[in-house]
Amino acid sequence: MHAAQHVKEAETPFYLPQGDECDIFRAAYRNHMPLLLKGPTGCGKTRFVTHMAATLGRRLYTVACHDDLSAADLIGRYLLKGGETDWVDGPLTRAVREGGICYLDEVVEARKDVTVVLHPLTDDRRILPIERTGELLEAGPEFMLVASYNPGYQNILKTLKPSTRQRFLAIEFDFPSPERETDIIVSESGLSKEKVAVLVRLAGKLRALKGQDIEEGVSTRLLVYCASLIRDGMPIEQAVKAALIEPLSDDADVKQGLLDLVTAVYG
């Protein structure tokens, strides 16, 4: 069972919009439409949802999907408590009951029975049938379902069916422009703009290797980690290795190639 994350309005996290995604999210929320976020790992999808939930003053339930995640993990199950069997709601059920936002991160990683459960919530019925208890929950106007996935990462066996995709509004995310990414990292890490700009330039070169030497490009999150280490006094080479090289590959030759790229950028 996944713990819910309660985000208070006073704790609105920093988020720098890239386009009209905040407007689309608000419109989806007002019109009771589910929303799908597509984009590479670490480009800001989760931060965006957390920011919007806090902005709207809604409780956020985040579920990190994986291949063992079942419908029961989302909806709930009977648990033995003190000799008695009690029904315990899952995060999706709690979000429906309370009028919260349920965010299914990397939804395609979940088992197929999960998407079947979502169908009645993502059309004009907006209901959640709980077969084990016989309940039929109707989602109120404040409930919203948000899901995300990385289209470039999943193989052909792990993708959303058209019948599921076409139930959602969708926004495509990508890494921010160098200028915006620099502003984000400066704000998050406190490192100077001049030093961050070099990191962002390095990130662009590392991301160009995606699909060749490395599976995924370096995330904005890792750049924030790296900048924070440098601001904390760690030598640049050490920080870059810990935050940008080691997380990207285990292959010694690939890592050496990445380090050579770092040397070319930093001189």
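Helix H8, helix H9 (220-231) and helix H11 (252-266) are among what covers the buried residues of H10. Contact here means heavy atoms within 4.5 Å. Helices (H or I, at least four residues) and strands (E, at least two) are DSSP runs, numbered from the N terminus. This is a predicted model, in which local features need pLDDT of at least 70, side-chain atom pairs count only at pLDDT 80 or more, and totals for chains, interfaces and linings use all residues. Residues are numbered from 1 along each chain as its sequence is written, and side-chain values use heavy atoms, with hydrogens and water left out.

H10 spans residues 236-245, and its buried residues are Ala 239, Val 240, Ala 243, Leu 244 and Ile 245. Buried means under 20% relative accessible area, exposed over 50%, and partly exposed in between (1.4 Å probe, protein chains only). Down the axis of H10, the buried residues fall within an arc of 160 degrees, so they line one face of the helix. That arc is taken from the directions from the helix axis to the C-beta atoms.

H8 covers residues 193-207, and Arg 207 belongs to it. Arg 207 has a relative accessible area of 16%, so it is buried. Leaving aside residues up to four places away in sequence, Arg 207 touches Phe 175, Glu 181, Gly 217, Val 218, Ser 219, Thr 220 and Leu 223.

Helix H2 (45-56), helix H7 (178-189) and H9 each give at least two lining residues. H9 has the largest share, with five. By type, the lining holds 13 nonpolar, 11 polar and nine charged residues. Ala, Val, Leu, Ile, Met, Phe, Trp, Tyr, Cys and Pro count as nonpolar, Asp, Glu, Lys and Arg as charged, and the others, Gly among them, as polar.

Next come the cores. A nonpolar core is a set of buried Ala, Val, Leu, Ile, Met, Phe, Trp, Tyr and Cys residues joined through side-chain atoms within 4.5 Å. The largest has 30 residues, and Leu 92, Leu 104, Leu 128, Phe 143 and Leu 145 have the most contacts inside it. Elements that each supply at least two residues of this core include strand E2 (60-64), helix H4 (91-98) and strand E8 (144-149). Another core, of 28 residues, lies apart from it, with Val 196, Ala 203, Ala 227 and Ile 230 among its members.

Two loops complete the tour. Glu 106 sits between E5 and H5. It has a positive phi of about 55 degrees although it is not a glycine. Most residues other than glycine have a negative phi. Leu 69 lies in the loop between E2 and H3. Its relative accessibility is 0%, so Leu 69 counts as buried.
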